[in-house]
Amino acid sequence: MTAAALDAAPEPDRDCPLCPRLHDFIADWRQREPSWFNAPVPTFLPPNGEDAVELLIVGLAPGLRGANRTGRPFTGDYAGDLLYSTMIAHGLARGEFKARPDDGLELIGTAITNAVRCVPPENKPVGAEIATCRSFLVPTIARFPKLRALLALGSIAHQSTVRALGQRVAAYPFKHGGQLPAGGVTLFSSYHCSRYNTNTGALTEAMFVKVFSEIASFLRN
């Protein structure tokens, strides 16, 4: 990573104005639901901090009634149920996931972030928003000195992560179960653990577990 990436801020301000559509969408929901988090969702870190992180999981964006409501990635909707139960089973998290940021769940050697930090309308960020928010993804990756692996959930997160690593997307096509060296780390890829993907059968629990089994084995070596 460049010195500029290391010096850049890895987290946007609460009122980040860089993507006007997303900023306005959140402002509207602050009026509707003032008790919700309604802000760029910060990276979820393990209790022993950045130096312990060997794996960074990159999702797409906060869900409206999930992380946008609770303020913690993958917390408050179905995707978190599958993600955190699988992480606990593979020794990457501990505690009990109760879909609340105060449930006591702790990550182990892992951090979780999103390619786009603000909730997008209809869960669909546009290209300019993904590119703009990469200014936070790049220094987020750079903040972990012992990072060995990245897991991108879904093709959009995969492509943005490849670009954040300074690589060409054409050289790293997305595929479920992918595992390739990229930018000094190993990049794993999975279909996103959304209810839509599991309901349609695009992603089964067994498929998701297999990806995490491969990651856990990689980190043990």
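Predicted model: local features only at pLDDT ≥ 70, side-chain atom pairs only at ≥ 80, totals over all residues.
Me: Which residues does Ile 112 touch, not counting residues up to four places away in sequence?

Reply: Ile 112 touches Thr 43, Phe 44, Leu 56, Ile 57, Pro 73, Phe 74, Leu 83, Tyr 84, Met 87 and Leu 107.

Me: To which nonpolar core does Ile 112 belong?

Reply: In soluble globular proteins, nonpolar side chains tend to be buried together. A nonpolar core is a set of buried Ala, Val, Leu, Ile, Met, Phe, Trp, Tyr and Cys residues joined through side-chain atoms within 4.5 Å; buried means under 20% relative accessible area with a 1.4 Å probe, protein chains only. Ile 112 is in the largest core, of 27 residues, and is among those touching the most other members, with Ile 57, Leu 83, Tyr 84, Met 87, Leu 151 and Cys 193. H8 (205-220) gives the most to this core, with six residues. Apart from it lies another core, of 19 residues, including Ala 115 and Ile 141.

Me: In what order do the strands of the open sheet lie?

Reply: Strands of a sheet pair through backbone hydrogen bonds, either parallel or antiparallel. Helices (H or I, at least four residues) and strands (E, at least two) are DSSP runs, numbered from the N terminus, and two strands pair if DSSP finds at least two bridges between them. Here five strands take the order E4-E1-E5-E7-E6, with mixed pairing. The edge strands, E4 (110-114) and E6 (179-182), each pair on one side only. E1 (residues 55-59) and E4 pair in the parallel sense over five bridges, and Thr 113 in E4 is the bridge partner of Val 58.

Me: At what angle do H5 and H6 pack?

Reply: Axes are lines fitted to C-alpha atoms, for helices over the stretch in contact, and angles run from 0 to 180 degrees between N-to-C directions. H5 and H6 pack at about 60 degrees, with their axes 9 Å apart. Angles under 35 degrees count as roughly parallel, over 145 as roughly antiparallel, 65 to 115 as roughly perpendicular and the rest as oblique; H5 and H6 are therefore oblique to each other. Among the residues that meet are Ile 130 and Arg 134 in H5, and Ile 156 and Ser 160 in H6.

Methods. Residues numbered from 1 in each chain as written. Heavy atoms only, no water. Buried < 20%, exposed > 50% of the residue type's maximum accessible area, 1.4 Å probe, protein only. Contact = heavy atoms within 4.5 Å.
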